[in-house]
Amino acid sequence: MIPGERVSLVSPTGWDAVFGQERAISFLRGVLERGEVPHAMLFTGPRGVGKHTTALLFSAALLCPSGAPDGCPSCFKVARGMHPDLHLVEPEGAQIHIDQVRELERELSVKPLEASRKVAVIDEAESMNETAANAFLKTLEEPPPGSCIILVAAGAEGLLPTIASRCHELRFSPLGKREVEGYLRREFAMPPQEAERLARLSGGIFGRALLWARMPELAGFWSRGVEVAATESKSSLLALLERAGGILRDASGAETPAGEEGMEAYRKALDKRVVEKLEKRWQEARKRESARLRRQALFDFLDGMASFYRDIMLLSVAGAWDEKPGGLPLVNLERREDLEREALGKGSREAARILRALGRAKKALEANVDQELVMNWLMLEIKGARS
Ligand SMILES: [Zn+2]
């Protein structure tokens, strides 16, 4: 599972923070209106379609005095991951461990502090290891009264069947490139060409396009990946890692003012111990967010490279450039010259080899192998392929 493509810092002001999931949203609104909130829900669907954002919006609605995400202080706290009645779980390293499940159980069993119920969101729920999953099953079998647990996963098949069957599954639909394009033009007033390009490069993954539109520095990593692949630049991949660090420091700095304001109001309103606990929680959330963005930058870079080599393979099989609509589904249309040189010259064998290496590097990163180690290995692999 790639943890990126997820915009945690959602604006908690309304359901329209999620795009293209009308069916799921109207189901959730119906549940809220009827007051028939299931004890456990499972949000499934492809990468970057808004599962996590919807889970936060639904949590905001469940905890908000108004019963809807409306941008009030309670909703604000949910968006920042620091609402005392919201418990967020996500993999530590590559897995969700049993002590995290125990902590969740403890949190759910105490009385809510501000809202009328407790809510938990478990991200990448399929990454629960076996002992954690078995412990979690017990929580599901006897859910604390009034609580709601939302599991987020790519699909129900990654979970224990006994867990999946106890949750109400809500499927999220994939979005097409055209829908993403339309959204970028509307919401970001993006020129048509730019919107088309961004939608194409993001592979129609909405969350990724959105992240790139909001943080163009991140899209830069993808382009750098293509650049390295296309020009056979020997520039160190590690230098890019360092740049990722800088960008992400800036990104988290930009978030500070709004967050601080919220904390200020909060300090006044609550007793010291609670504030301390929540501040710690918020700092942790920010640290995770920035680690996530850093990882995302790295994945974007590798995916950028991979897109170029995949284009080479496609083009070398097809034998000629095809510009007709519905012709070759190439991604890097701006790189025709480089692609033709590579594909029609050397052919696809080297590209296939590098693609395999990129795939292995991504797997290693997903399994939390040290980033520097992986990038060094990858650099040697690529050099080997080129010599
Ligand atoms: Zn609210």
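**Entry 1. Helix 4 against helix 5**

I began with the place where Ile98, Gln100, Val101, Arg102, Leu104 and Glu105 of helix 4 meet Thr131, Ala132, Ala135, Phe136 and Thr139 of helix 5. I took two residues as in contact if their C-beta atoms, placed from the backbone, lie within 7 Å. Helices (H or I, at least four residues) and strands (E, at least two) are DSSP runs, numbered from the N terminus. I sorted this contact by class and found six nonpolar, three polar and two charged residues. Here Ala, Val, Leu, Ile, Met, Phe, Trp, Tyr, Cys and Pro count as nonpolar, Asp, Glu, Lys and Arg as charged, and the others, Gly among them, as polar.

The model is a predicted one, in which local features need pLDDT of at least 70 and side-chain atom pairs count only at pLDDT 80 or more, while totals for chains, interfaces and linings use all residues. Residue numbers start from 1 along each chain as its sequence is written.

I then looked up the geometry: helix 4 (residues 98-109) and helix 5 (residues 130-141) pack at about 15°, with axes 8 Å apart. Axes are lines fitted to C-alpha atoms, for helices over the stretch in contact, and angles run from 0 to 180 degrees between N-to-C directions. Helix 4 and helix 5 are therefore roughly parallel; angles under 35 degrees count as such, over 145 as roughly antiparallel, 65 to 115 as roughly perpendicular and the rest as oblique.

I counted 15 helices and five strands in the protein. Of its 387 residues, 41% are buried, that is, with 20 or more other C-beta atoms within 10 Å of their own; 12 or fewer is exposed, and in between is partly exposed. Of the contacts between residues at least 6 apart in sequence, 77% join residues at least 24 apart.

Which residues does Met305 contact, leaving aside neighbours within four places in sequence? I found Gly225, Val226, Val228, Ala229 and Leu358.

The axes of helix 10 (residues 216-231) and helix 12 come within 7 Å and cross at roughly 40°, so the two are oblique to each other. I noted a right-handed crossing for helix 10 and helix 12. Their contact has 13 nonpolar, five polar and three charged residues.

With helix 14 (residues 349-366), helix 12 has axes that come within 9 Å and cross at roughly 155°, which makes the pair roughly antiparallel. This crossing of helix 12 and helix 14 is left-handed. The contact includes Leu302 and Met305 of helix 12 and Leu355 and Leu358 of helix 14. By class I found 15 nonpolar, no polar and two charged residues there.

**Entry 2. Two exposed residues**

Pro329 lies in the loop between helix 12 and helix 13 (336-346). It counts as exposed because it has 10 C-beta neighbours inside 10 Å. Its C-alpha is 8.3 Å from that of Asp311, 18 residues away in sequence.

Arg178 belongs to helix 7 (residues 177-188). With 11 C-beta neighbours inside 10 Å, Arg178 is also exposed.

Definitions and conventions. Left-handed = near helix turned anticlockwise from the far one by under 90°.
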